[in-house]
Amino acid sequence: MTRPAFQFYPADWRNNAKLRRCSWAARGAWADVMCLLHDSDEYGILRWPLKEIAQAIGCPVTLLKELVEKKVLKGTDKGECAALEYTPRSGRQAGPTVTLIPITQGPIWFSSRMVRDEYIRQKKANRELYKDSPNYSPMPPIGDEENTSPMPPLGELSGAAPMPPKSDLPSSSSSSSVKTKNLKPLSGDPDEMPPGFAEFWKTWPRSERKVAKAECLKRWKAKVLEPHAAVIVNAVKAQMMTKKWQDGYEPSPLVFLNQSRWLDDVADMAAAGDGTGPGQLASQGDQRFRGAK
């Protein structure tokens, strides 16, 4: 089940040596990358090329390469990626090493901290973490290299084991959590998608920027855009005819939804043939979408 949030510790963010070596722009890009990693079906892992990740968050690839160089974002675009292993500790004794990500071929990018904390959370949820030792502590000692990871989604430096989110705890009084667990994951079949979103996706130009369909669907539902699908589709059609798009500029669909690009003025638009001019689109956007940002 996708969790609505992850924990953020300002002290860990400020004191992380790897992240402090990065520029301000790269740190901002890392915050957006972590949101993608959190929303991924494989928690903490994206199996996209670095270029597609940059397009999804609307930043230059150079900023992501800076994060890779400083070993904040880990993985590879091509070739073989080394395995990610985790050794739990109880006091001064190390437990058996666990392979969290086996040796695999790129593209694959991940946060080792988020992947490890997700493994611990699942073990705790299944009551497997403490079954062999009541005093077992899953966290590495202070000073461990992995302990300096820039973003602690589930807590670490305090020495306390990360707690599963409240929504994951069993509750006899919560019927919504039971219903959520029984939901089937989206297969990507257009028949399972809202018709307005399906039309939006079909309208988008077929190019290398047409990526992250599942993430776009999440944003569509989160912003409750289905009632306004017709205006959004008209905005895409109009912007496709602008000189800016025809000269090669085109945002990804995810950037379009995240930044509410349907509100952009279409000052350079060629005749779209559907009677929807720049002024009309801007007016419709101002009236109907202020609450959907």
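Residues are numbered from 1 along each chain as its sequence is written, and side-chain values use heavy atoms, with hydrogens and water left out. In this predicted model, local features need pLDDT of at least 70, side-chain atom pairs count only at pLDDT 80 or more, and totals for chains, interfaces and linings use all residues.

Side chains of opposite charge can pair when their charged atoms come close. Here a salt bridge is a side-chain nitrogen of Lys or Arg within 4 Å of a carboxyl oxygen of Asp or Glu. Eight salt bridges were found in a search of the whole structure.

One of the salt bridges joins R219 to D39. Their closest N and O atoms are 3.6 Å apart. R219 lies in helix 9 (residues 213-222) and D39 in helix 3 (residues 24-39), so the pair ties together parts that are 180 residues apart in sequence. Helices are DSSP runs of H or I, at least four residues long, numbered from the N terminus. Both R219 and D39 are buried. Buried means under 20% relative accessible area, exposed means over 50%, and partly exposed lies in between (1.4 Å probe, protein chains only). R219 and D39 also belong to a network of salt bridges with E215 and K218.

E118 forms a salt bridge with R121, and the closest N and O atoms are 3.1 Å apart. Both residues lie in helix 6 (residues 112-125). They are three residues apart, about one turn of the helix. An α-helix has 3.6 residues a turn, so residues three or four places apart point the same way. E118 counts as buried because its relative accessibility is 9%. R121 is also buried, with a relative accessible area of 9%.

R261 and D264 form another salt bridge. Here the closest N and O atoms are 3.9 Å apart. R261 is buried, at a relative accessible area of 15%, whereas D264 is partly exposed, at 31%.

K202 is in helix 8 (residues 195-203). At 63% relative accessibility, K202 counts as exposed. The C-alpha atoms of K202 and V233 are separated by 9.5 Å. These two residues are 31 residues apart along the chain.

V233 is among the buried residues of helix 10, which also include A229, I232 and Q239. Helix 10 (residues 229-240) has 12 residues. The expected span of a helix is 1.5 Å times one less than its number of residues. For helix 10 this should be 16 Å, and the end C-alpha atoms are 17 Å apart, which agrees.

Definitions and conventions. Helices (H or I, at least four residues) and strands (E, at least two) are DSSP runs, numbered from the N terminus.
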